[in-house]
Amino acid sequence: MADRMRAGDAITLTGLKVYGYHGVFDFERREGQDFIVDVTLHTDTRTAAASDALVDTADYGTLAEDIAAIIAGEPLNLIETLAERIADHCLTVADSATVTVHKPAAPVPVAFDDVSVTITRPAPEAPAGSLPAPEAGDTRAESTGLQAVLGLGANLGQPLEALRATVTALNTHPDISVEACSTAFATKPVGGIDQPDFTNAVAIVTTELSPLQLLGVCQGIELAHGRTRETRWGPRTLDIDLIRCTRTGSLDDAAAEITCETGQLVLPHPRAAERAFVLAPWAQLRPDATVATASGTVPLSTALTRADDGGGLRDTGEAIGL
């Protein structure tokens with residue numbers, strides 16, 4: 001990262017105006033107002049300049065759409081929080097980012113031109129034991145090479161279509177390829193909250209992103225589908241969980257799992273080995289995989305027979321993607 005930062009290259013997007021509903025007052029959340037965002041991505045552009053290929057740089061058109069979805073999405077109290085959400089997403093495509101959020105119609109009782117918050121955030125450090133630091137001169141696309149198991153779920157709106165759109169969005173990302181996707185499973189909700197049944201599936205992807213960067217992409221897709229995080233285990237328009245990440249070629253081996261525990265991400269997923277709605281579609285794709293449980297490493301099929309929620313599970317046979 002040090003070599004890339006010393007390059008001093010930047011990609012800047014300014015004046016992105018989107019109507020949102022952020023603020024601490026009821027009328028702000030009810031009536032909304034314009035928010036204006038400026039973003040500078042700090043990244044080495046030499047690889048892109050040499051290849052002249054979009055895959056080797058940040059696609060600012062897609063980034064603008066993703067940021068617009070964040071601004072138009074979940075209402076927040078503070079523009080500091082909004083800036084943080086945008087910066088987190090920018091770190092999925094750049095080494096660091098500077099984000100300014102303007103609120104020109106803020107409810108200030110005296111004459112003013114603008115209110116803004118500017119933050120600069122570096123990419124998160126890789127957790128100990130997870131991924132090695134990239135060698136000097138590596139490009140972002142050459143620094144990882146992972147496979148991942150993703151759990152997909154939804155029970156609001158049109159869940160099946162949301163899962164299909166998710167697979168499409170993942171597969172169109174320049175650093176993610178969807179290898180396989182299970183059929184859709186109808187599952188009873190867990191957690192004791194009265195809500196509709198879920199539609200669940202599992203996707204297997206290969207990626208040149210780090211686990212934290214992959215999480216950022218997934219959260220951006222969730223936001224684009226109107227995901228909010230108000231109630232744990234509550235209903236949602238879309239949920240994308242990182243279940244397992246390994247180096248390419250070792251996806252079925254529980255002992256090869258990348259481990260991570262931060263405020264943003266825990267790997268492997270701490271409850272996946274107990275959930276039939278994850279294990280059943282996963283076993284459909286990778287029947288020889290093993291999973292770590294409290295009583296030791298067992299085949300997915302064994303873990304599935306032990307899952308408490310297996311009785312509410314049904315394979316609908318509906319294709320999700322690919």
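Which residue of β8 is the bridge partner of glycine 153? The legends below treat this pairing and other close-up views of a predicted model.

**View 1. Strand β8 and its partner β5.** The bridge partner of glycine 153 in β8 is asparagine 200. Strands β5 and β8 run antiparallel and are joined by nine bridges. Strand β8 is mostly covered, with nine of its 10 residues buried. In general, strands of a sheet pair through backbone hydrogen bonds, either parallel or antiparallel.

**View 2. Strands β6 and β7 beside β8.** Five bridges connect β6 with β8 in the antiparallel sense. Here alanine 180 has isoleucine 204 of β8 as its bridge partner. Strand β7, residues 183-187, also runs antiparallel to β8 and is joined to β8 by three bridges. Threonine 187 stands opposite phenylalanine 198 of β8.

**View 3. The largest nonpolar core.** This core has 31 residues, and those with the most contacts inside it are Leu150, Leu214 and Leu242. At least two residues each are supplied by β5 (146-154), α6 (159-172), β6 (176-181), β8 (198-207), α7 (211-224) and β9 (239-247). Helix α7 gives the largest share, six residues. Beyond its neighbours within four places in sequence, leucine 150 is in contact with a set of residues including Leu170, Ala203, Leu214, Cys218 and Leu242. A second, separate core has 28 residues, among them Phe35, Val39, Leu82 and Ala83.

**View 4. Helix α8 and its surroundings.** Helix α8 covers residues 276-285 and is mostly covered, since eight of its 10 residues are buried. The buried residues are Ala276, Phe277, Val278, Leu279, Ala280, Pro281, Trp282 and Ala283. They pack against the strands β5, β7, β8, β9 and β14 (313-319), and against helix α9 (300-306).

**View 5. The open sheet of four strands.** The strands follow the order β1-β2-β3-β4, and their pairing is antiparallel. Strands β1 (10-20) and β4 (116-122) stand at the edges; each has a single partner strand, so one side of each is left without a neighbour in the sheet. On average, neighbouring strands of this sheet are turned by 15° against each other, direction ignored. Strand β3, residues 96-102, runs antiparallel to β4 and is joined to β4 by seven bridges.

View 6. Helix α4, residues 60-72, lies across β1 and β2 (33-42) and runs at about 35° to β1. Helix α5, residues 79-90, lies across β2, β3 and β4, and runs at about 150° to β3.

**View 7. Confidence along the chain.** The mean pLDDT of the protein chain is 84, and 86% of its residues reach 70 or more. Over residues 1-7 the pLDDT stays under 50, and the model has 17 contacts for this stretch beyond four places in sequence. Residues 126-143 also have a pLDDT below 50, with 34 contacts in the model beyond near neighbours in sequence. Where pLDDT is low, the predicted coordinates should not be read in detail.

Key: Residues are numbered from 1 along each chain as its sequence is written. This is a predicted model: local features need pLDDT of at least 70, side-chain atom pairs count only at pLDDT 80 or more; totals for chains, interfaces and linings use all residues. Side-chain values use heavy atoms; hydrogens and water are left out. Two strands pair if DSSP finds at least two bridges between them. Axes are lines fitted to C-alpha atoms, for helices over the stretch in contact, and angles run from 0 to 180 degrees between N-to-C directions. Contact means heavy atoms within 4.5 Å. pLDDT is the predictor's confidence in each residue, from 0 to 100. A nonpolar core is a set of buried Ala, Val, Leu, Ile, Met, Phe, Trp, Tyr and Cys residues joined through side-chain atoms within 4.5 Å. Buried means under 20% relative accessible area, exposed over 50%, partly exposed in between (1.4 Å probe, protein chains only).
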